[in-house]
Amino acid sequence: MKPDSYDIKQKLGVIFQDVAVFEELTVYENIDYFCGLYIKDKNTRKQYIEDAIQLVGLEEFKKFYPKQLSGGLLRRLNIACGIAHKPQLIFLDEPTVAVDPQSRNNILDGIQKLRDNGATIVYTTHYMEEVEIICDRIIILDKGKIIATGTSDELKKKAKIEEKVTVEINRLPEEIIEEVKKLDNVSEVQYKDNVLVITYTAGKNNLGDLIEFLKQKQVNYNKIYSERPTLNDVFLELTGKELRD
């Protein structure tokens, strides 16, 4: 792409992980500047700016300078600057890193609206729950290489995980844990802080069988529940669980 390829650049929106705004400009002026790089008509630009401000929830902060904003608000401003000109293809690099839960929810809601309004979103993140919320197609990278692609359901089928059962047990003898490991379809057992987590690779009645087993062993528990594997489980299954540098 050439530096003066404005017809192509106008269709792109890029929001980096590091915030890139002008400290000497207000929220409104920052968005106006970046939007003005591609939208010359003043009336159109004004409407686009208002749309971007509303999308990220900065209506009350138009006259604030970046140094007056919290980390979450600053990231929302960063996104507004990148999408105000209504690009068709938007690249987002970990936009929710180190933000408070309220700002995170606001950012995710805004990204979903952009997607639903027809923009194509390329979203990079380590937070698998965000991937499940936002993404239609997923690529898992490990050490710079693509190791899996597909929808959320397709990726979950690739991991050898059928079900996870979690049980709150105040005291569980080691010999019982060893017996649990030998039950049908069990691939992994963890017991920490009075919580037993059992991962199954197959089976349709694992929860019922476990309840019957605990009853036979006279093990009392506070809570027990079953859940399907999450994308985070899939990611760890495919990439390994060892700590990375």
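**Salt bridges**

I began with D116 and R115, whose side chains meet in a salt bridge at 3.1 Å, N to O. My rule for a salt bridge is a side-chain nitrogen of Lys or Arg within 4 Å of a carboxyl oxygen of Asp or Glu. D116 counts as exposed at 56% relative accessibility, while R115 is partly exposed at 23%. For these words I use under 20% relative accessible area for buried, over 50% for exposed and partly exposed in between, with a 1.4 Å probe and protein chains only.

Ground rules before going on: this is a predicted model, where local features need pLDDT of at least 70, side-chain atom pairs count only at pLDDT 80 or more, and totals for chains, interfaces and linings use all residues. Residues are numbered from 1 along each chain as its sequence is written, and side-chain values use heavy atoms, with hydrogens and water left out.

The salt-bridge count comes to 12. R45 pairs with D32, with the closest N and O atoms 2.8 Å apart. R45 sits in helix 3 (residues 42-56) and D32 in helix 2, so this pair ties together parts 13 residues apart in sequence. Helices here are DSSP runs (H or I, at least four residues), as are strands (E, at least two), numbered from the N terminus.

I also looked up K164 and D233, which form a salt bridge at 3.1 Å between the closest N and O atoms. Both residues are buried.

**Confidence**

pLDDT is the predictor's confidence in each residue, from 0 to 100. The chain averages 91, and 98% of the residues score at least 70.

**E94**

I found E94 in the loop between strand 2 (89-93) and helix 5 (101-116).

**Nonpolar cores**

I take a nonpolar core as a set of buried Ala, Val, Leu, Ile, Met, Phe, Trp, Tyr and Cys residues joined through side-chain atoms within 4.5 Å. The largest has 43 residues, and I31 and L77 touch the most other members. Helix 4 gives the most to this core, with 7 residues. A second, separate core has 16 residues, including I198 and Y200.
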